[in-house]
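Open the model in your viewer and keep the selection tool at hand. This tour moves from the whole chain to single side chains.

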Amino acid sequence: MKLYRYIYLAIAVILLVSCQSPEIPPKSQPDAIPATPLQKIVTLDKNFKIASSQTVYVPVYSHIYHHNRQEIFELAVTLSIRNTDLTNAIVITSVRYYNSEGKLVKQYLELPIQLDALASTDFFINRNDTSGGLGANFVVEWVAQTEISEPIVEAVMIGTDFQQGISFISPGRVIKSQNNDKRSPVK
C-alpha cells in the first residue's frame, strides 16, 4: 500500500512541474511608438482660409523625484490631442517637444495632419527617454477653417516599478489664440 502512495506522489510532482510555463524574457520596448496610422496628411495652401487657431503648451514630466529627491521615478508620456467638434475637422500643424532648458528635442510632424470631427491622435515618449527632464513640455499648434469647439490637448504620465505605480494627467494651456471669424470676434 505504501508503494502506491509513492507512485501517486511521484506522478503528482511530475504533473505540477510540467504545468509550469517557461520563463519568457521581457520584450524590449521601442524608443517611440509611431503616431496613429489613420492620420491624414494635408497640404495647407493659399486656398486654406484659417478661421481659428491656437498654440497650446502642455507641461510633461519624464521623471519625478521620490524618497527625499534621492531617487528618480521614470515616467512614460502620452500626448493626446482630441478634436471635440461634432462636425468640423482641425489641422494639427506642429507638435514639438522641448527639454527643461527650452531647447527643441524633437519635432513630431513633418507635414500637417487633419483630425476629423471627434477624432484623436497621440504621441509617445518612452519612459527610458529622459532627454526632456523634469521641466519638459510639448507645444502643439492647430488651425481650422471655421469656428470650432476647442480640442482637448493633454498629457498622461505613467510609471510602474515592482508593486509601485503612479499616473497623472497634465492639461494643456492655450498660450496663443486667433479667431478670424467675423461673426464672433475675440474679446
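Start with the whole chain in cartoon view. Read along the sequence, the pattern is α-β-β-β-β-β-β-β-β-β-β-β-β-β. That makes one helix and 13 strands. Keep in mind that this is a predicted model. The chain has 187 residues, and 33% of them count as buried. Now think about contacts along the chain. Of those with a separation of 6 or more, 77% are between residues 24 or more positions apart.

**Stop 1: a four-stranded sheet**

Select S9, S5, S11 and S12. In that order they form an open sheet, with antiparallel pairing. Which strands are at the edges? They are S9, residues 120–125, and S12, residues 164–171, and each pairs on one side only. From one strand to the next, the twist averages 15°.

Zoom in on S11, residues 152–161, beside S12. The two strands run antiparallel, and eight bridges join them. Pick Thr160 and look across: Gly165 in S12 stands opposite. Remember Thr160, as the tour returns to this residue.

**Stop 2: the nonpolar core**

Next, show the side chains of Val58, Val60, Leu79, Ile81, Ile92, Val95 and Phe138. The largest nonpolar core has 28 residues, and these seven touch the most other members. Several strands contribute: S2 (52–59), S5 (76–82), S6, S8, S9, S10 and S11 each supply at least two residues of this core. In soluble globular proteins, nonpolar side chains tend to be buried together.

Centre the view on Leu79. What does Leu79 touch, leaving aside residues up to four places away in sequence? The list includes Val58, Val95 and Phe138. Thr121, Asp122 and Phe123 are also among the contacts of Leu79.

**Stop 3: the aromatic rings**

Colour the aromatic residues. The count comes to four aromatic pairs. Take Tyr97 and Phe138 as one of them: their rings are tilted, 5.0 Å centre to centre, with 40° between the planes. This pair links distant parts of the chain, with Tyr97 in S6 (residues 90–98) and Phe138 in S10 (residues 137–144), 41 residues apart. Are these two residues buried or exposed? Both Tyr97 and Phe138 are buried.

Move on to Tyr108 and Phe123. This pair is edge-to-face, 5.5 Å centre to centre, with 65° between the planes. Tyr108 is in the loop between S7 (104–107) and S8 (113–115), while Phe123 is in S9, 15 residues away. Why does Tyr108 count as buried? Its relative accessible area is 19%, and the cut-off for buried is under 20%. Phe123 is buried too, at 3% relative accessibility.

Now select Tyr97, Tyr108, Phe123 and Phe138 together. They form one aromatic cluster.

**Stop 4: a buried arginine**

Finally, go to Arg127, in the loop between S9 and S10. Arg127 is buried, because its relative accessible area is 17%, under the 20% limit. Follow its side chain to the backbone oxygen of Thr160, which the Arg127 side chain reaches at 2.7 Å. This is the Thr160 that stands opposite Gly165.

Show the other neighbours of Arg127. Not counting residues up to four places away in sequence, Arg127 touches Ser62, Glu74, Leu75 and Ala76, along with Thr160 and Asp161.

How values were computed. Residues numbered from 1 in each chain as written. Predicted model: local features only at pLDDT ≥ 70, side-chain atom pairs only at ≥ 80, totals over all residues. Heavy atoms only, no water. Pairing = 2+ DSSP bridges. Axes fitted to C-alpha atoms, helices over the stretch in contact; angles between N-to-C directions. Phe/Tyr/Trp six-rings, centres within 6.5 Å; stacked < 30°, edge-to-face > 60°. Buried < 20%, exposed > 50% of the residue type's maximum accessible area, 1.4 Å probe, protein only. Polar contact = N/O pair within 3.5 Å; in protein donor to acceptor, adjacent residues only side chain to side chain. Contact = heavy atoms within 4.5 Å. Core = buried A, V, L, I, M, F, W, Y, C linked by side-chain atoms within 4.5 Å.
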